[in-house]
Amino acid sequence: MTCFDRRDLGLLLLRLGTGGVLAAHGAQKLFGWFGGGGLEGTGAAMESMGYAPGKASATAAGLSEAGGGVLLALGLATPAAGAAAAGAMAGAAAVHAPNRFFAHGGGYEYAASLGLTAAGLAVTGPGRLSLDHALGHAVNRGWMVPTALGVTAAVTAVVVGVRNQRVRKIAEGEQESLFDEEAFSQQLDE
């Protein structure tokens, strides 16, 4: 079939929208564009969130988001692009998880939506309106999908696991007292 159908157009729109948002999000981290903190500011923020070393974490997240986003928008190396972006969003979701699901309360809704969309594009493929299709799917083979998603899932699990351990250790060191000793003393005096 030589004509494009609505599935191809739908995938193009989904890739352009998701890829564009991810690329902009990554550019905030890497270059400080669009009001972002750049590597220095984002690195400090990553460190405070438990991702250490901060600057290396900011670079990895920024490259995964910006690179994955641009490649998704172009429809090039779609399995790797979608997996990289999904991994970065899983890391972001881990930070927001204590705030529950919805974004209005600081939850992981937004990161989960972007990550699942990127993973879905990795599985589905880019459609015929893509560079992958134009290049004969040289970097979009069937075996690449489980490989890219599997490797990304393993790396993400390790990174998020180490981050969660670090956050727990910090929280244990800063544990609040079980009761207010001063208020208790005042009650005894009364």
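Let me begin with Arg 128, which forms a salt bridge with Asp 5, the closest N and O atoms being 3.6 Å apart; by salt bridge I mean a side-chain nitrogen of Lys or Arg within 4 Å of a carboxyl oxygen of Asp or Glu. Arg 128 sits in the loop between H5 and helix H6 (131-134), while Asp 5 belongs to the segment before H1, so the pair ties together parts that are 123 residues apart in sequence. Helices here are DSSP runs of H or I with at least four residues, numbered from the N terminus.

Before I go on, please keep in mind that this is a predicted model, in which local features need pLDDT of at least 70 and side-chain atom pairs count only at pLDDT 80 or more, whereas totals for chains, interfaces and linings use all residues. Residues are numbered from 1 along each chain as its sequence is written, and side-chain values use heavy atoms, with hydrogens and water left out.

Are the two partners buried or exposed? Arg 128 counts as buried, at 18% relative accessibility, and Asp 5 counts as partly exposed, at 32%; the cut-offs are under 20% relative accessible area for buried and over 50% for exposed, with partly exposed in between, using a 1.4 Å probe and protein chains only. Asp 5 and Arg 128 are also linked with Asp 8 in a network of salt bridges.

How many salt bridges does a search of the whole structure find? It finds 4, and among them is one where the side chains of Lys 29 and Glu 65 meet, at 3.0 Å from N to O. This pair links distant parts of the chain, with Lys 29 in helix H1 and Glu 65 in helix H3, 36 residues apart, and both Lys 29 and Glu 65 are buried. Another joins the side chains of Lys 55 and Glu 40, at 2.8 Å from N to O; Lys 55 lies in helix H3 and Glu 40 in helix H2, so this pair ties together parts that are 15 residues apart in sequence. Here Lys 55 is partly exposed, at 44% relative accessibility, and Glu 40 is exposed, with a relative accessible area of 57%.

That brings me to H3 itself, which runs over residues 54-74. The buried residues of H3 include Gly 54, Ala 58, Ala 61, Gly 62, Glu 65, Gly 69 and Leu 72. In general, an α-helix has 3.6 residues a turn, so residues three or four places apart point the same way. What covers this buried set includes helices H1, H2, H4 and H5, where contact means heavy atoms within 4.5 Å. Just after H3, Gly 75 takes a positive phi of about 70°.

H5 is followed by Gly 125, whose phi is positive, near 100°.

Finally, I turn to the surface, where Leu 135 lies in the loop between H6 and helix H7 (144-173) and is exposed, with a relative accessible area of 55%.

Definitions and conventions:
Helices (H or I, at least four residues) and strands (E, at least two) are DSSP runs, numbered from the N terminus. The expected span of a helix is 1.5 Å times one less than its number of residues.
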